[in-house]
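Look at the sequence and the model below. The paragraphs that follow go through the strands, a helix, some ring pairs and a loop.

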Amino acid sequence: MLKKFIIFVIDDLSGSGTPEEMVAIVAFNDYLRDKGHWIFAGGLTAPVHANVIDNRNDSNFTTGKPLFDTKENYSGFWLIQANDDETAKRLAFEGSKACHRRVELRPLLG
């Protein structure tokens with residue numbers, strides 16, 4: 001049974017998404033689709049656009065800022081499926097190379 005994983009792209013806002021990187025990312029996306037690993041991928045806006053919302057106990061609380069105040073952040077992600085952890089790890093290495101960034105690989109529950 002296929003397992004699901006998320007690959008987060010870690011960025012420091014130092015010039016994301018050069019034209020060359022975008023070509024490599026599109027090629028990696030096509031590879032994921034062709035090999036049956038693709039579920040979804042997306043980019044995220046800069047953390048300045050983040051807003052933590054908490055409505056537990058009808059508190060209606062909003063911060064207007066990201067959860068963490070840090071230079072590094074997640075700038076995108078891939079949702080993938082793979083037969084095993086090693087395949088997912090290999091794909092994460094390929095994704096890191098394609099986007100020229102560090103990535104974080106996590107299995108999804110369930």
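Contact means that heavy atoms lie within 4.5 Å. The model is predicted, so local features need pLDDT of at least 70 and side-chain atom pairs count only at pLDDT 80 or more, while totals for chains, interfaces and linings use all residues. Residues are numbered from 1 along each chain as its sequence is written, and side-chain values use heavy atoms, with hydrogens and water left out.

Begin with a loop. Lys65 lies in the loop between strand E4 (61–62) and E5; helices (H or I, at least four residues) and strands (E, at least two) are DSSP runs, numbered from the N terminus. Not counting residues up to four places away in sequence, Lys65 touches Ala50, Asn51 and Val52. Between Lys65 and Ile53 the C-alpha to C-alpha distance is 9.6 Å, and they are 12 residues apart in sequence. Is Lys65 buried or exposed? Lys65 counts as exposed, because its relative accessibility is 51%. The cut-offs are these: buried means under 20% relative accessible area, exposed over 50%, and partly exposed in between, with a 1.4 Å probe and protein chains only.

Now turn to the strands. Strand E1 (residues 3–11) is mostly covered, with 7 of its 9 residues buried. E1 runs antiparallel to E5, and 9 bridges join them; two strands pair if DSSP finds at least two bridges between them. E1 also pairs with strand E6 (residues 102–107), in the antiparallel sense, over 6 bridges. Ile10 shows both pairings: its bridge partner in E5 is Tyr74, and in E6 it stands opposite Arg102.

Next comes helix H1 (residues 19–34). At 1.5 Å a residue, the 16 residues of H1 should span 22 Å, and the end C-alpha atoms are 23 Å apart, which agrees. The expected span is 1.5 Å times one less than the number of residues. Which residues of H1 are buried? They are Glu21, Ile25, Phe28, Asn29 and Leu32. Seen down the axis of H1, these buried residues fall within an arc of 105 degrees, so they line one face of the helix; the arc is that of the directions from the helix axis to the C-beta atoms. An α-helix has 3.6 residues a turn, so residues three or four places apart point the same way. The buried residues of H1 pack against E2, E5 and helix H2 (85–99). Pro19, Glu20, Val23 and Asp34 are exposed, on the face of H1 turned away from its buried side. Just after H1, Gly36 takes a positive phi of about 80 degrees.

The structure also holds 3 aromatic pairs. Rings of Phe, Tyr and Trp (its six-membered ring) pair if their centres lie within 6.5 Å; planes under 30 degrees apart count as stacked, over 60 as edge-to-face and the rest as tilted. The rings of Phe28 and Trp78 have centres 5.0 Å apart and planes at 85 degrees, so this pair is edge-to-face. Phe28 is in H1 and Trp78 in strand E5 (residues 73–82), 50 residues apart, so the pair links distant parts of the chain. Phe28 counts as buried at 5% relative accessibility, and Trp78 is buried at 4%.

Phe40 and Phe77 form a tilted pair, 5.9 Å centre to centre with 35 degrees between the planes. Phe40 lies in strand E2 (residues 38–43) and Phe77 in E5, so the pair ties together parts that are 37 residues apart in sequence. Phe40 is partly exposed, with a relative accessible area of 43%, whereas Phe77 counts as buried at 18%.
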